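Please read the report below alongside the sequence and the model.

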Amino acid sequence: MTVINEDAGVASAGQGSEGVETPFQRFVSDFTESKIAVVSAFVVLAIVFIAVFAPLIAPTDPYDLSIVTVADKTMAPGAVMQSGQIAHMGTDGSGRDLLSGMIYGLRISLGIGIGSAVVALAIGVVVGLIAAYAGGRVDSVIMRLVDMQLSFPAILIALVLLVTLGKGVDKTLFALIVVQWAYYARTVRGSALVERRKEYIESAQCLALSKARILYRHLFPNVLAPLIVVGTMQTAHAIALEATLSFLGIGMEQTEPSLGSLISNGFQYIHSGHYWISIFPGLALLFTIVSINLVGDRLRDVLNPRLAK
Amino acid sequence: MSKFTRIGLAAVAATMVSGAAMADSAKLGIRSEPSSMDPYFHNLGPNNAMLGQIFGRLVDWGPKMDGLIPRLATSWKAINDTTWEFKLRKGVKFHDGSDFTADDFIFSFKRADGYTGGNSSFRTYTKGKSVKKIDDFTVHIVTEKPYPLMPNDMTSIMVISSDVKGSGGSANMGLKAKDFNNGTATIGTGPYKFVKWRKGDSLVLEKYDGYKGPLAQPWDKMTFKFIKSEPARTAALLAGDVDMIDNVPTSDIGALSKDKRVSLSSGVSNRVIYLHMDQFRDKSPFVTDKSGNPLDKNPLKDARVRKAISMMINRDEIVDKVMEGVAIKAGQLLPEGFFGRSEKMRPQEYDPSGAKKLLAAAGWGDGFGLTIHGPNDRYINDARICEAVAQMLTRNGIPTKVVTMPKNVYFKRASKGGPNKSPEFSFVLVGWGSGTGESSSPLKSLLATHDKSKGMGASNRGRHANPMMDEVLLKALATVDDKERGTLLAKATEIGIGEDQGIIPLHYQVNTWATRPGLKYNARADERTVGLDLVKE
C-alpha cells in the first residue's frame, strides 16, 4: 500500500504544489474553505447516522403491525396516537407515525442509493480500466455499449426493468446498478487513458510488472479522484431515481416505504388537505439530495487539479 | 361603450358560456380502461360497461339492478319447464345499416360459448343452453333442467353482427379481438357508435342516429379519458378537463362535498369485498408459525379458526377509517334490497376476546402466522384494507404480512398460480359483484365445491366445499318459484357463510361519481360508468 501512496504523491506533486502537508491534510483544508460544503457534509453525516441507527432513533416501529392501527389514520402533526405517543409529524394513510416512517424510509432510500452506487462503481471501474488499458477492439466494443446505454434516459431503462421484474428492494437495487455502471465506466476510462500515457506507467511496464498489478496498484489509485466525485453525485442521483420509481408505484413495496413511496402515499391525500403526508418526506428527500450534491460539488472543486488555485 | 355594444357583448358572452355548458359532447374521466373492444375477450366490469353502449343485449339491468328492462328482446317467458322464449325487437339496425335478426343473436351466442384465447370467459352464462331459431324474431333457449335465471344470464351476452367481415381464421367465428380493437367489427345495435380507441388514453363514441330501443342518448359525442391515478382524476375534474369522474377517491370525498365546483352522487353497489381462506391444503404455503416457519397443519381448515379471524376484524374501523365512511359493513354476499339474501345474517361483531377463546378451543391458542395477498388497483382502497386486516390480526395474536400487487398479476396467481393450477395464496382479499343481481352468482362461483366441468366454484379460491350447501344451491338454481328460490338461496348463504365461514365478508362497496355543476350522474348499483347515465340537471 505504501507504493500506492508514493505513486499518488508523486503524481500530484508533479502538478506543482509544494509544502509540508500531506495530500489528505491539503484536501481537508481546501474542502473546509467552503462553509456550505462543511454544513452539507455534516448534514450528510447526520442523515447517514439517522439511517444506520433508525431502530434506536425512531419513536415507533412503523413496520410493527401490532402497534400500527388504522384508527390513527391521517392525524395532523402533534396529535396523540392510540398508543399514547405523540405523532410529531402526523400520521400517514395507514396510521403509521410519519416521523418514524421517514426515518425508516431514509434508511431504505440511502441503502439503495449507496448500495447501488457502490456496486455500479465496482463494475464500472473494472470495465473502464480494462477498456482503457486494453484499447483497440475491446475498448471500442465496451465504449459503444456504454454509449448505447447512455443514449437512453436512465429513468426509462429503470422503468422497463422494474415493470418486467416487479417490485422489491433487490429488484430496485438491480435496476439502479444497470442504469449507473456506464457512467463510472466512462469516467474511469477517460482518466485512465490520460494516466496511461504518463511516465510512471511506462516505467512500471519497463519493470515488467504484470498487467493486473499495473491496473490495480498504479492506474486505479490515480483515477480515484474523479471517481469519488462521480460516485457522490451518482449516489444522489440514485436516491432521486429510486424515489421517482417508488413514486410511480413500481419501486418499493407499500409495506416497506422509502421516502419516494411515502411521498406517493401522501400524494393521494393532496386534495383533502392532509399536506404533511407528502410534504415532510419530500423535504427530507430534498435535504438529503441537496446536501449530497453540495458535498459532491465541493469535492469536484477540490479534487480537480485544473480548478486548483 | 354604448348600451347596444354592451348588450351585444353580453349576448355573445352568454352564447359562449351556454355553448360551453350545453355542448352536446361529454368528457368522462374514468379509472379503469377496458382490456379489449371484443365483447367476449374478458368478462370484466369496465369492458361490460363500456361495450354495453355499443352493443345491445337481449335484456339489461335497470340502473339500480332492481328489475330487468327489455333491450333487443321485447318480451320473454318460460314456455315450459326447460324452454325460454325471447321475442326480438323488430326494425333494429346495426351501425352499418344491416338488419338485426335472430341469426345475429345465435351467432353471438355461439361465439361467446366457444371463445378461445380470452382472459376470462362468458361460458358460465352459455353453458348447458342451446339456442333455436323459430323465426327471424323469435328464439328458444333450451336447458336440461328448469332454469329460472335465463333472463338474468342474458344481461351478459352482447350481440354482434353476423355480417361483419373480420380477419378470418377458424377460431372465434372468424373474428379476432384485434378486429374489434381497431373498429372493423365493433358494429353493434347500441345507442353509441365506436369512433376510436387510443389504448391507454381515450375512447371516443358517437351518437347512433338510427338507434331503436329503450336507452337514452343524452350526448352527441362521448370521450372517455382513462385516468388511473387517483389524485390526477380529481385534479382533471377540478381543472375542467373532464365533465365527470368515476371512482372518486374516498380521501377526497370530504373535501369535494364542500367544493362548489363539483357535485357528487353515490350508490351502494352489488359488490362485496371479502376474504378467502385456504380450506383444501393440509400444508398451506402462506400459513406459518408465529416466527415464519412452515406449519405441517393448516389451521384455516377449521371453521372455528375462520370464525375467530372474522371476529378479530373490526369492520366499523374499516368502514370509518379506511373507507372514510363510504362503505357498508357486510355479513353476507349482497347488500339489502337484493334478491336471495338471508334476513337472519348480520355483519360479524368485533370481539377480540371471544376470538381468542375460540382459537384456544380449536387448539390454536398460541396463534400462527399468515400472509394476506391482495390487489392494489382493483377495488376502492384495496391495499389499505389488506393493511388494516393485517394490523387487526397481528394485534390479536396472528402476525400477518401484507403483499399487494397489480390486478393483472394478482388474479392470475390467486386463481391458478400454484401447482396444478391451484390457487397460489392462503389468505386473499377479493371482491365480487353479482352479475345476475341476486345471490346465486356469488354462491355458485365463490362457495360451491370447485368443479370445472360443472361450472361450479369457478372463483372459489379457498376451495370451500360442503355437499349440503351444494345440494341446496342446485335445488335453488332449478326452482322457478321466486319465493321458494329466495328461501333456498338464503339457506345456502346461511350454510356457506354462517355455519362454515367459507368466506369472510368485510363490506359492500359504495361507488361515488363527481360531476361539474349542472350535470348529474345517476349512480348505478352495478358500478358501471356509462355515459348514458350522465344527464344535464
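## A buried histidine

A residue is called buried if 20 or more other C-beta atoms lie within 10 Å of its own, exposed if 12 or fewer do, and partly exposed in between, with C-beta atoms placed from the backbone. B:His507 is buried, with 25 other C-beta atoms within 10 Å. The model is predicted, so local features need pLDDT of at least 70 and side-chain atom pairs count only at pLDDT 80 or more, while totals for chains, interfaces and linings use all residues. Residues are numbered from 1 along each chain as its sequence is written, and chains are lettered from A and ligands numbered from 1 in the order in which they are written.

B:His507 sits in strand β20 (residues 503–515) of chain B; helices (H or I, at least four residues) and strands (E, at least two) are DSSP runs, numbered from the N terminus. Two residues are in contact if their C-beta atoms, placed from the backbone, lie within 7 Å. Leaving out residues up to four places away in sequence, B:His507 touches B:Ile273, B:Arg315, B:Ile318, B:Val319, B:Met323, B:Ala327, B:Ile328, B:Lys329 and B:Ala330. The C-alpha atom of B:His507 is separated by 26 Å from that of B:Leu149, 358 residues apart along the chain.

## Helix α10 of chain B

The buried residues of α10(B) are B:Arg315, B:Ile318, B:Val319, B:Lys321 and B:Val322. They pack against β16 (327–329), α12 and β20 of chain B. Just after α10(B), B:Glu324 takes a positive phi of about 50°.

## Two asparagines with positive phi

B:Asn247 has a phi near 45°, a positive value in a residue other than glycine. It lies in the loop between β13 (244–245) and α8 of chain B and is buried, with 22 other C-beta atoms within 10 Å.

B:Asn420 is likewise not a glycine and has a positive phi of about 55°. Its loop runs between α13 (407–416) and β19 (427–433) of chain B. Is B:Asn420 buried or exposed? B:Asn420 is exposed, with 5 other C-beta atoms within 10 Å.

## Domains of chain B

Chain B is divided into domain 1 (9–262 + 516–536) and domain 2 (269–510); these bounds come from an automatic or database domain assignment. The centres of the two domains, taken over C-alpha atoms, are separated by 31 Å. Their contact takes 22 residues from domain 1 of chain B and 20 residues from domain 2 of chain B.

On the side of domain 1 that touches domain 2, α5 (150–153) and α8 of chain B each supply at least two residues. The largest share of that side, 4 residues, comes from α8(B). By class, this side has 8 nonpolar, 8 polar and 6 charged residues. Here Ala, Val, Leu, Ile, Met, Phe, Trp, Tyr, Cys and Pro count as nonpolar, Asp, Glu, Lys and Arg as charged, and the others, Gly among them, as polar.

## Nonpolar cores

A nonpolar core is a set of buried Ala, Val, Leu, Ile, Met, Phe, Trp, Tyr and Cys residues joined through C-beta atoms within 7 Å. The largest nonpolar core has 142 residues, and those with the most contacts inside it are B:Met244, B:Leu275, B:Ile385, B:Val389, B:Ala492 and B:Leu506. α12(B) gives the most to this core, with 8 residues. Domain 1 and domain 2 of chain B both give residues to this core, so it lies between them.

Apart from this core lies another, of 73 residues, among them A:Leu106, A:Val127, A:Ala236 and A:Ile250.

Chain A has 13 helices and 2 strands. Its C-alpha trace spans about 75 × 45 × 30 Å along its principal axes. Of the 309 residues of chain A, 44% count as buried.

The contact between the chains takes 22 residues from chain B and 18 residues from chain A. On the chain B side, the elements that give two or more residues are α7 (230–238), α8 (250–257), α10 (315–322), α12 (382–395) and β18 (400–405). α12(B) gives the most to that side, with 8 residues. The side of chain B that touches chain A has 8 nonpolar, 7 polar and 7 charged residues.
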